[in-house]
Amino acid sequence: MAVTTRDVVSQALSGRRFDIRGYLFEGMLLLALLVALGILVTLLTDVLIRAMPVLTERGGDFLTSNMSARAERAGVLQGIVGSISLMIFVVVLAFPTGVAAAVYLEEYARDTPLTRFLNTVIRNLAGVPSIVYGLLGLAVFAVLLGNVTGPERAGRSLMTGGLTLAILVLPIVIITAAEALRAVPNTIREAAFGVGATRWEVIRSHVLPYAAPGILTGTILSLARAFGETAPLIMVGAVTGGFAFTASGPVEALQGPYTALPTMIFSWARQPGADFRANTAAAIVVLLAVLLIVNATAIILRNRYDRRW
Amino acid sequence: MSALRGLEGSAARRRRETMIRGGFLFAAGVSVIISAAIILSLAGEAFNFARQVDVSQLFTDGWFPRRDQFDIGTIVTGTLIVAGIGMVVAAPLGIGAAIYLAEYASPRTRRTLKPVLEVLAGIPSVVLGFFALTVISPTLIDPVCPGSTPLFNLAAAGIGVGILVTPLIASIAEDAMHAVPNSLREASYGLGARKRATSIFVVVPAAVSGIVASLIIGLSRGIGETMVVAIAAGAVGGSLFSLNPCQPGQTMTAAMTALATGSDQVRGASLAFPSLFFVGLLLFGMTLVLNVVSERFVRRVRKRY
Amino acid sequence: MNVELSERTEAGAQEEEERRVVQVATVDRGEEPQGSEHDVVFELQGLSCYYGAFRAVREISLEIRQNEITALIGPSGCGKSTLLRSFNRMNDLVDTARVEGKILYHGVDLYDPAIDPVEVRRRIGMVFQKPNPFPKSIYDNVAFGPKVAGFRGGKAELDDLVERSLRKAAIWDEVKDKLDTMGTALSGGQQQRLCIARAIAVEPDVILMDEPCSALDPIATLKIEELMRELKRNYTIVIVTHNMQQAARASDVTAFLTMGEDRAGYLVEMATTQELFTRPANRLTEDYITGRFG
C-alpha cells in the first residue's frame, strides 16, 4: 500500500531521474540510423568526386564512345544501348506473363493446395540469388538452345541475356502485380458481377484499370532492379573486353555480342590503374542517374494516380 | 423451360471464359516451369560433375578449378566469412535504425527517412563493390589489419555486403515493429515503464518473428551476393583455403563468375564447367533452406495478429 | 449538501448555461459513523483537458475518496476516458494533449513540472477497455511491472508477488498450473483479470478502469464486478463505464458527465450511487438514467 501523507507522496513522485540509460539507448539507435545514411552520402560524394574529371572534360563524348583499351577514349555507349535492349526484352516478356500470372492467382484461383503451392514457388523464386538465374540462362538458353540464340557465339548473345533477365524479374513482377490487384476493393468486383458480367469482363473493365497504376509502378521498379543486375549477365556471356558492333540486321543483332552498363562497370572496376577508376566512377554516375530517373518516374506516377482515385 | 434456357447463357461465351482462364493459369504455371528448369539444369550438370570428380579433389589445399582442385571448403568458408562480416555490420545498423524509426522517430521523420532507406536498398551491387574496393579497403581495412594488406580482401567485401544488406534488414524489421499494436505499448506505459524498457521488453519481443525473418533474409542475400565479392575480394584464378579476412579470398558466387568469364567453358573439356553447376546447386540449396525457414517466421507473425 | 450546479428549469434542460460554482463537488453521504469517512485521494480543481485547441473536458471539480469505487458515467464522446487518463498522466503520450486547472493526488499537484509521470503511473494503475496482455507467459505478464520498477528480490519473492497478484485478481486457481503458457491464449474475461493482476503487481494505490467490461460477455462482466468489490478494500477504484446498470450495481459514488454545446464534457452531478440513481438532483441526470438520451 502506498503511503498517504502529502510530503512522502510528493517526494516519491518527484525526483525525476535523469534517465541516462534511456538517453544513451536512444542515442545509439539514432547513431545506427545516421551511420547507415552517412554511408549513402559518403558513397555518392566519393563517386561524384572521382567522376568529375571525366564528366567535365569529356562530357558527351563519354556517353557516345565505344569500349576501348585506352581509358581516355573509352565510353559507355555500347553499355547504354545494350542495357536498353535488355530492358525491352524484359518488358515484352516478363510484363505480360507476370501480370497474367498475378491475375490468375488473385482473380481466378481458389484457395486450394495448388494455389498455395504456386504462391510458395513464386515467393521462393523471388528469393533465389540472381547468379543462379545466370546459371539457368547458361544451361538452357546458351548451351541447350545455342543454335537459336546465338549460333556463332555458343549462345552468348543479346537474346540469351534478355531472356535470362526476363526470367529473373518475372517473380517480382508477379508479386507486385498481385499486391496491386489485392488492393482493389471487393465492392468494385461485386458491383460488376451484380450486373451480370463474366469474370474476364469484370477483370478487364474494372479490376485492371483500377489496379493499373499500382501494377505500372511495380513494373517500373522491377525494371530498375533489372537494370542494375550484373551477375546473371556475366554468367551468360556479356562481353567485358570490347567488341565491335557489326550486326547487319535485327536477328543478327539479337544473336550477337552485347554488353550492359553494369557489366562495363564491373570490368572497368577490375582494371588496375587510376585512369579507369575515373571512368568507372563516371559510368556509375550514369547508372545511378538512370536509376534515379526511373524511380522518380515511378513515384510520381504513383502519386498522381493515387490522388485521382 | 424457356426461362431456364435464358439462364444458361451462351455456350460460346462460356467457352471463351474457360479459355481465358486457362491462359492465365498457364502464365502462372510458367513460374513452376522455371523452378523445375532451375533445379533440373543445376542438378543435371552437378550430377555430371559429381560422377566424374574424385572425392580427393574436393578436399585439397584450395579452389583451383583449372588445376582440377575443387576444395569445397575454401569457397564455402569464403562465403561464410563474407556473409558473417556482412551480418556483423548489417544486423546492429539495420535493427538499430529500425527500432529508432519505429519507436522514437516522429511520424514526419519516419515518412521522410524510410524512402531514403529504400533508395539505399536500390543501389546496385556493382556500385557497392567499387566502393568497397576504392574506399572501404584503403580507409577501413588497411589500418585495422596487421601488416601490409592487399587492396583486394575478404573483409572489405564483407563490409560492402553488410552495407548492401542493412536497408533490407531495417525495412523488414521496422515493418514488424510498426505492426505491433499500440495497445501493448499503452499497457506497458500504464504500468510505469519508460520508453527504453517498452521498446526492448515489449515491442521487440512482440515483433521478434519479423525481426528474425529480416536477419535470415539478410543472411540469405549476403550469401548469394556476387558483384561486391567479384570486384573487391580478388582471387580471380583460385584461392588457397584461408580463414584470414585480411587477405584476398574466394566465395562460391565469385568462383562461379570466375569460371564463367574464363576461357574453357566448353562442355567436356574439363571439369571446370560442370563444377560451376555443382557450386550453383550448393548455393541454391543454402539460400532455399534459409528462405523457407524465414517464411515460417513470417507466418508466425501473421498468426499472432 | 448537493452542490447546485444548474437550475432545474422546465424549458429545455439541454441548453442551460449552468450557474457554475468552481467549488469542489463533495458528496453527501448522509448519516455515517464518526471517523469512517475515507481520505481524499484525488481532488480536481477546475481541471480542463485539451487536445491542441480543442477542449475535451471542461473545468471539472470533484473528489475521489480512498477505498471507494467511483464511477464516471455519461453518453459516449463526453470525455470520460480523457478525464480518466488525466489521472495517471496517460494523456501525456499524445503530443497535443495538455491540461489546465489542478489535479491533486494526496495533496500533490500531479502536473507539477517536478513530478515524474512514470512514478505516477506506478502508483496509479490502469486497466483498459480491450484486454491487452503481452504476448508473453502469464507469469511474465504479471512480473513485468515489478521488474521494470526495479524489483529487488530473488526469484522466490517474485514468485510470491505473482501468486499474490493473481489471487487478488481472482484468477489464480484457473492459471496456477499453466503460468508458463501465453497470456494471449486465455479467454477474454480471463485476459482482463490477468491485466488486473498485472496492474496489481506493482502495488498501486489506485486502479483506474476504462470500460473494462465492454469487450466481455455478461458472465465475465459479473465476475469482474465481484472482483472490484473485493479490490476496493485495498485499493481506490475509478471506473469509466457507459453501462449504467453496471455503475448502479458496482459503485459507491457516481459522477455523471455530459457533453456541452462546445463539445466539451462537464460534470453535471456527483452523488452516492444510491442517491444519484433514485433521487437525481439534475434534470439531465434524470433524463440520462431513464434512457431519454445517451
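Trainee: How are helix α4 of chain A and helix α2 of chain B oriented: roughly parallel or roughly perpendicular?
Mentor: This is a predicted model. Helix α4 (residues 77–108) of chain A packs against helix α2 (residues 11–52) of chain B with axes 7 Å apart and an angle of about 110°. Angles of 65 to 115 degrees count as roughly perpendicular, so α4(A) and α2(B) are roughly perpendicular.

Trainee: What is the handedness of the crossing, left-handed or right-handed, where α4(A) passes α2(B)?
Mentor: The two helices are packed at an angle of about 110°. The crossing in which α4(A) passes α2(B) is left-handed.

Trainee: Which classes of residue make up the contact of α4(A) with α2(B)?
Mentor: On α4(A), the residues involved include Thr97(A), Ala100(A), Tyr104(A) and Tyr108(A), and those they meet on α2(B) include Arg21(B), Phe24(B), Leu25(B) and Ser31(B). Sorted by class, the contact has eleven nonpolar, three polar and one charged residues.

Trainee: Which helix gives the most to the side of chain C that touches chain A?
Mentor: In this contact, 13 residues of chain C meet ten residues of chain A. The side belonging to chain C divides into five nonpolar, three polar and five charged residues. With three residues, the element that gives the most to that side is helix α2 (residues 117–123) of chain C.

Trainee: Is Asn124(A) buried, exposed or partly exposed?
Mentor: Asn124(A) belongs to helix α5 (residues 113–126) of chain A. A residue counts as buried with 20 or more other C-beta atoms within 10 Å, and as exposed with 12 or fewer. Because Asn124(A) has 17 such atoms, Asn124(A) is partly exposed.

Trainee: Which residues are in contact with Asn124(A), leaving aside its neighbours within four places in sequence?
Mentor: Gly237(A) is 113 residues from Asn124(A) in sequence, and their C-alpha atoms are 26 Å apart. Contact requires C-beta atoms within 7 Å. Apart from the sequence neighbours, the contacts of Asn124(A) are Leu288(B) and Asn291(B).

Trainee: Which are the edge strands of the open sheet in chain B?
Mentor: The sheet has three strands in the order β2-β1-β3, with antiparallel pairing. Each edge strand pairs on one side only, and these strands are β2 (69–70) and β3 (239–240) of chain B.

Trainee: Which residue in β3(B) is the bridge partner of Gly62(B)?
Mentor: Strand β1 (residues 62–64) of chain B runs antiparallel to β3(B), and two bridges join them. In β3(B), the partner of Gly62(B) is Leu240(B).

Technical notes
Residues are numbered from 1 along each chain as its sequence is written. Chains are lettered from A and ligands numbered from 1 in the order in which they are written. This is a predicted model: local features need pLDDT of at least 70, side-chain atom pairs count only at pLDDT 80 or more; totals for chains, interfaces and linings use all residues. Axes are lines fitted to C-alpha atoms, for helices over the stretch in contact, and angles run from 0 to 180 degrees between N-to-C directions. Helices (H or I, at least four residues) and strands (E, at least two) are DSSP runs, numbered from the N terminus. Angles under 35 degrees count as roughly parallel, over 145 as roughly antiparallel, 65 to 115 as roughly perpendicular and the rest as oblique. A crossing is left-handed if the near helix is turned anticlockwise from the far one by less than a right angle, and right-handed if clockwise. Two residues are in contact if their C-beta atoms, placed from the backbone, lie within 7 Å. Ala, Val, Leu, Ile, Met, Phe, Trp, Tyr, Cys and Pro count as nonpolar, Asp, Glu, Lys and Arg as charged, and the others, Gly among them, as polar. Two strands pair if DSSP finds at least two bridges between them.
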